[in-house]
Amino acid sequence: MTIDWAAMERHCRALLPARAVVAAAQELLAYDCDGLTLHRAQPPLVVLPETTEQVAAILRLCHRRGVPFLARGSGTGLSGGALAETEALVIATSRMRSILDVDLANRRITVQPGVINGWVTRAVAGDGFYYAPDPSSQVVCSIGGNVAENSGGVHCLKYGVTSNHVLEMEVVLPDGTVTTLGSGLAETPELDLRGVFIGSEGTLGIATAITLRLLRAPQSVAVLLADFTAMEAAGEAVRLVTAAGVLPAGMEIMDNFTINAVDDLFGRDEYPRDAAAVLLIELDGQEREVTAAVEIAGELCRQAGARTIRRASSEADRALLWKGRKSAFAAVGRITPTYYVQDGVVPRSALPGVLAAIEELSRRYELPVANVFHAGDGNLHPLILYRADEPGVIERVQELGAEILRLCIDAGGSITGEHGVGSDKRCYLDWMFAPDDLATMRLVREAFDPAGLANPGKIFPTPRSCGESARRQVAHRHIKVEHHLPKEAAEVEQRDVESLASLDVF
Amino acid sequence: MRPEPSELQELVRDLHRQGSAWLPAGLGSRLDWGPPVQASCTVLSCAALRGVREFNPGDFTITVAAGTPLVEVQQTLGHHGQWLSVDAPWGDADGAAAGSIGGLVARGLAGGYRQRYLGVRDQLIGLELMRADGVTARAGGKVVKNVAGYDLMRLFTGSWGSLGLITELTLRTLPQPPLRRSVCFQGEAGDLASLSRWLLGSSLSPERIDWWNGSLAAAAGLAPEPLLLIGLASVDASTLEEQVRCLQERSSLQARVLDASTTATWLALARGGAVTPSTAATAPAWLLRLGVSPDRLETLMQAPALAGLAVDMAAGSGLGLAWTGPEGPHQAAVTSGQVMALRSLCTELGGHLTVLRQPRRAGLPAWLDAPSRPLIEAIKRRFDPSGQLAPGRLPGVAQSVSTL
């Protein structure tokens, strides 16, 4: 179908203020990719509505004219979910940035979708509350995007992902109808469409107001850092700590490759260079409880074979221990200019075996792989390092990436823990699910969006995007790969800019 | 009907060919909860789908057949120092009416443990289901973090059998808290409200904060005054002591520290004790699910519309249950009019009321229309185009009284 984009622009201008319609080629360039820069496609038209009514009017227009659309938050997504690969109207929520209601008595807050994740906590921190899901891009990423991707974060081990924290949503359906899913309470006597909408990657509609659960900030936080001479020992420490009933807020592991990259970046030996793994454990809660938990966790790390253990409880000392982890991707980025990140998940007990297998694959493909991961929940982020100017390297990188995902699935895991399927991993979704599984999921799509206009082509494998024989490797061969910050970062307030410097979007 | 696993699919396909109505069920212990279904409906129990399919303690996840009793799952986990952090369903949960894990998920009603561990929907990481047309499908997986594909686990939690039969579930498990302690306070609603407000705004993280009304307290052999039951858990004994002290200092009310066995007895009582949850003459005439904005709980608990009901509410979520004794001469006290008034009050207080059980001729819709009713009906049409499953029972769609 050919879409008359000039006519669409005129119609959009009739519905929205002039500044809310972007049609100039040089401005559209800013929307040609999200955080996954491997894929690029410039959309024909972008609108930036400010209200629910405007979103509804635009979607009614799309519905009437059969025009596909896709919603975009801050553009930090890592699965190409906001990529306008087929001609589609991009609806950016970056001007929907109001906090609509703060209800501390019921520990909830209602925000527009463009509100930045970190702003939610900032709005209530003075009263001792916070919003728990904390993707590493939280100074830039939007709540609407978090809802679309069901984003996690370092602390989701203890506190859960986005879906555990959304109470109610106002949603504009693909035909322009506005409805409410859920209520201000945790349970509502209705089908849990709120639950199925979260993580649907923009394929079911656009959330225009989101009510979130707030948590009380813990009284005390402590960080423990232990280093091990074997990855298995670090894995064993994670197992012992979990089994002891200590539920850390987060547990992160860095491998030897990453440790050395970080030490190189810092120009000093922040971590022992010969360590096979560094384990970071963050514990939070009542002060006395945290003290006891640090004691227990430290003892269990020693039992598992930790060489040295460092502890920190003051904010500054904690930041110091976290610094290496937070800089890990920047450090790795200094070794080669480009890398490709995966988001596989494995059962916790399979971690050591899968890591060993990744190392073996890395040797076979002659591509270095750095491993930094959420050890508590088995979510791996292997980084495949390469030089884009090396002939044929992209294919090799993607083959390796696919083999790593294969390993995760064979171990009983998943192809994505928090980044989403998007356009990046849709050709692997049928590795996890049988045709009947996918057909059943599509029933949901057909009920929400019978015309198939919302973010078309994402999540589900299609013959067009994943041609039967070629699909295991193809996908994205033509494009230059690089890692850069999302463009919307520029829109973020000046005071965020410093933290952006060390931003690690994973 | 109680098909064996090998017969299930063929049976469902037969029912589909005939266009027969059927009700997906677990062990059938709470069949008459919620909206009444068409009398001619075949009940298809998954009681024969039983047992743990996969459990590796180191992964803190368990895969079970949907007909496995919750108590059995808890026992298996208990041997490894783990548990499923959910409350048993209301009514004789340890006895003859022990419900299945599939039933618990299909109703999706969480109890007081929600305070620390979230709800039933939040424990579920994978699902296998059978559709009305006999097609088997899976969603989610066996890992605790997974965003691949649509979240059908949540769609099916609280779907009351309207979309398909749940055949297998994978859930996250937790290590059992090494130490637990409960404290209770009795007194005026205002004093309990202020203690609960403070506690919810504090950095303490109790497992539960249950608010009972006077009738329920009386059933526990206590003075018929409202009561706050606070469950604490920790890895450290001195932390527990400090938290108990902290609570004592906060309130002018007398604190009573409960031992483990008293706590267990009381919690069982608040889940209906040995009362049969449905069908039998001894089942409660009224069993209601209540929800209000947590900050309006004090108003609810003092409402005249609660007269004659035992009430157990979770202070943090504003969700809970209210019930009466069995239908009979002494139960004239609670009328449909009173429950309708209570429903209006709950709505006014930012929540809702679901009628789980009611006297035969009361005729109240179990739930009211949700704002998203057209979308809910669209989902139903896609999953069950012939309207075979649990006819008349679709959460978020009120039944018209004439169909009752």
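Which domains does the domain assignment give for chain B? I looked this up before anything else. It gives domain 1 (5-175), domain 2 (179-269) and domain 3 (287-357); domain bounds come from an automatic or database domain assignment.

**Ground rules**

I noted that this is a predicted model, in which local features need pLDDT of at least 70, side-chain atom pairs count only at pLDDT 80 or more, and totals for chains, interfaces and linings use all residues. Residues are numbered from 1 along each chain as its sequence is written, chains are lettered from A and ligands numbered from 1 in the order in which they are written, and side-chain values use heavy atoms, with hydrogens and water left out.

**Chain B, domains**

I took the centres of domain 2 of chain B and domain 3 of chain B over C-alpha atoms and found them 21 Å apart. In their contact, domain 2 of chain B takes part with 14 residues and domain 3 of chain B with 13 residues. Contact here means heavy atoms within 4.5 Å.

**Chain B, as a whole**

I listed twelve helices and 17 strands for chain B. Helices (H or I, at least four residues) and strands (E, at least two) are DSSP runs, numbered from the N terminus. Chain B has a radius of gyration of 21 Å, close to the 22 Å that the globule rule gives for 404 residues, so chain B is as compact as a globular protein of that length. The radius is taken over C-alpha atoms, and the globule rule is 2.2 Å times the number of residues to the power 0.38.

The C-alpha atoms of chain B fill a box of roughly 65 × 55 × 35 Å along the principal axes. I then looked up burial, and 63% of the 404 residues in chain B are buried. Buried means under 20% relative accessible area, exposed over 50%, and partly exposed in between (1.4 Å probe, protein chains only).

Among the contacts in chain B with a separation of 6 or more, 72% are between residues 24 or more positions apart. The accessible surface of chain B is about 14200 Å², and carbon and sulfur atoms hold 51% of that surface. Accessible areas come from the Shrake-Rupley method with a 1.4 Å probe; for residues, only the protein chains shown count as cover.

For charges I found 35 positive and 34 negative side chains in chain B, with the centres of the two sets 5 Å apart. Lys and Arg count as positive and Asp and Glu as negative, while His and the chain ends are not counted. Each charge is placed at NZ of Lys, CZ of Arg, CG of Asp or CD of Glu.

**Chain B, two residues**

I looked up B:Phe60 in the loop between β3 (52-56) and β4 (61-65) of chain B. Is B:Phe60 buried or exposed? B:Phe60 counts as buried because its relative accessibility is 3%. Its phi is positive, about 55 degrees, although B:Phe60 is not a glycine. Most residues other than glycine have a negative phi.

B:Arg245 lies in helix α8 (residues 237-250) of chain B. With a relative accessible area of 39%, B:Arg245 is partly exposed. I also noted that B:Arg245 and B:Ala255 are ten residues apart along the chain, with 9.5 Å between their C-alpha atoms.

**Chain A, as a whole**

Chain A has 17 helices and 18 strands. Its radius of gyration is 23 Å, close to the 23 Å from the globule rule for 506 residues, so chain A is as compact as a globular protein of that length. I found 64% of the 506 residues of chain A to be buried. The mean positions of the 48 positive and 65 negative charges of chain A are 2 Å apart.

The assignment for chain A gives domain 1 (5-92), domain 2 (99-216), domain 3 (220-395) and domain 4 (426-501). The contact between domain 2 of chain A and domain 3 of chain A takes six residues from domain 2 and 13 residues from domain 3. Their C-alpha centres lie 29 Å apart.

**Chain A, two residues**

Where is A:Arg95 placed? I found A:Arg95 in the loop between β4 (89-92) and β5 (99-103) of chain A. A:Arg95 is partly exposed, at 32% relative accessible area. Leaving out residues up to four places away in sequence, A:Arg95 touches A:Arg19, A:Ala20, A:Leu48, A:Pro49 and A:Glu50.

A:Arg107 is in the loop between β5 and β6 (108-111) of chain A. A:Arg107 counts as buried, at 12% relative accessibility. Phi of A:Arg107 is positive, near 50 degrees, and the residue is not a glycine.
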